[in-house]
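Thank you all for making time this morning. Please have the sequence and the model open, and I will walk through a few places in it.

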Amino acid sequence: MHVSILITMFLTGLILGFIGAGGAGFIISLLTILFGVSIHTALATALTAMIFSSFSGAVSHYREGNVSIKAGITTGIIGAAGAWAGSHVSAHIASGELKWLTAGMLMFSAFLLWLRMFLLQKQSIQAKSIPSGPRFVARSLLIGIVTGALSGMFGIGSTPFIQLGLMIILGLSVRQAAGTTMMVIIPIAIGGGLASFQQGTLDLGLLVEVVIGTMSGAYIGAKFTNRAPVPLLKSSMIAVPIVASLLLIF
């Protein structure tokens, strides 16, 4: 066990649990920059680790009343298929190109969140009218397949994309989007993790260290979501992918 990795991942988990993020992009950045892990191994490990860290955070968010079970299940199932396919595509991308693509996607996701939260309109703390029937299923499937493919291909949890989809397309509130996103990420991470294992890019020892740290931190971090001001929660959602992208670039 590397104590430095455990401590780093625990602190990372605190942040990810608070904002409702799986945080694969952030974890990839830390593993490659601080610990010299190859981009493909970091990608596979971070994506698979989200199974456990997101489960821990999702349970905590559920107890806090921040999870829409219906939206989480429907979106997550199709997201798993998208992640499995995306991971197979990622294996054929060169390391240098993959680093820049991942950094670019993280920065773009942060921009979309900023645009949605601070320019287009203020998101209500309360949920809006949520579609039902076939409309609900179709919208959930759209969110799942797109975000799942992005997760598998670029090794990111697609947290901002999922949160935006849940808020804009399904009408969930900011807090519901944060909690439900952690539930959606679980099957997405399973799909991507299975593909990574098949390709031989998954480091099981490193995975254990990342999981122990992020899972314990995410459970504690989720306790602060309902207690934090909404502006702070929104700003934190945007700041995390920006920091992760800058770490990969510089």
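Grid points are joined across faces, edges and corners, and a volume is the space filled by probe spheres set on the points. What we are looking at is a predicted model, in which local features need pLDDT of at least 70 and side-chain atom pairs count only at pLDDT 80 or more, while totals for chains, interfaces and linings use all residues. Residues are numbered from 1 along each chain as its sequence is written, and side-chain values use heavy atoms, with hydrogens and water left out.

With that in hand, a search of the whole structure turns up two cavities of 30 Å³ or more, and the second largest cavity has a volume of about 60 Å³. Its lining is made up of H40, L43, A44, S87, S90, A91, G152, S196, Q199 and T201. Helices here are DSSP runs of H or I with at least four residues, numbered from the N terminus, and α3, α4 and α8 (174–199) each supply at least two residues of this lining. The largest share, three residues, comes from α3. For classes, Ala, Val, Leu, Ile, Met, Phe, Trp, Tyr, Cys and Pro count as nonpolar, Asp, Glu, Lys and Arg as charged, and the others, Gly among them, as polar; on that basis the lining of the second largest cavity has three nonpolar, seven polar and no charged residues.

How does the lining of the largest pocket divide by class? The largest pocket has a volume of about 150 Å³, and its lining residues divide into eight nonpolar, two polar and no charged. Among those lining residues are L112, L142, I143, V146 and F161, and α6 (133–154) and α7 (159–168) each supply at least two residues.

Let me turn to α4, which covers residues 69–90 and holds T75. The expected span of a helix is 1.5 Å times one less than its number of residues, so the 22 residues of α4 should span 32 Å, and with its end C-alpha atoms 30 Å apart, the model agrees. Is T75 buried or exposed? T75 is buried, with a relative accessible area of 0%, where buried means under 20% relative accessible area, exposed over 50%, and partly exposed in between, using a 1.4 Å probe and protein chains only. The buried residues of α4 also include G72, G76, G79, A83 and S87. Taking contact to mean heavy atoms within 4.5 Å, and leaving aside neighbours within four places in sequence, T75 is in contact with S140, I143, G144 and V184.

Helix α6 has 22 residues and reaches 32 Å from its first C-alpha to its last, close to the 32 Å expected at 1.5 Å a residue. Just after α6, G155 takes a positive phi of about 75°.

Next comes the core, and here a nonpolar core is a set of buried Ala, Val, Leu, Ile, Met, Phe, Trp, Tyr and Cys residues joined through side-chain atoms within 4.5 Å. The largest nonpolar core has 61 residues, and those with the most contacts inside it are I27, I28, L31, L166, L170, V210 and M237. Helix α3 (residues 39–63) gives the most to this core, with nine residues. A second, separate core of five residues includes A58, V67, M182 and M183. Again leaving aside neighbours within four places in sequence, I28 is in contact with residues including I39, A42, F154, G155 and L248.

S29 is buried at a relative accessible area of 0%, and, beyond its neighbours within four places in sequence, S29 is in contact with L34, A244, L247 and L248. In the loop between α1 (3–19) and α2 sits G23, which counts as buried at 9% relative accessibility. G23 and A46 are 23 residues apart in sequence and 8.0 Å apart in space, C-alpha to C-alpha. By contrast, S4, found in helix α1, counts as partly exposed at 41% relative accessibility.

Conventions
On a 1 Å grid over the protein atoms alone, a cavity is a set of points where a 1.4 Å probe fits but cannot get out, and a pocket is an open set with protein on both sides within 12 Å along at least five of seven lines; lining residues have an atom within 4 Å of a point.
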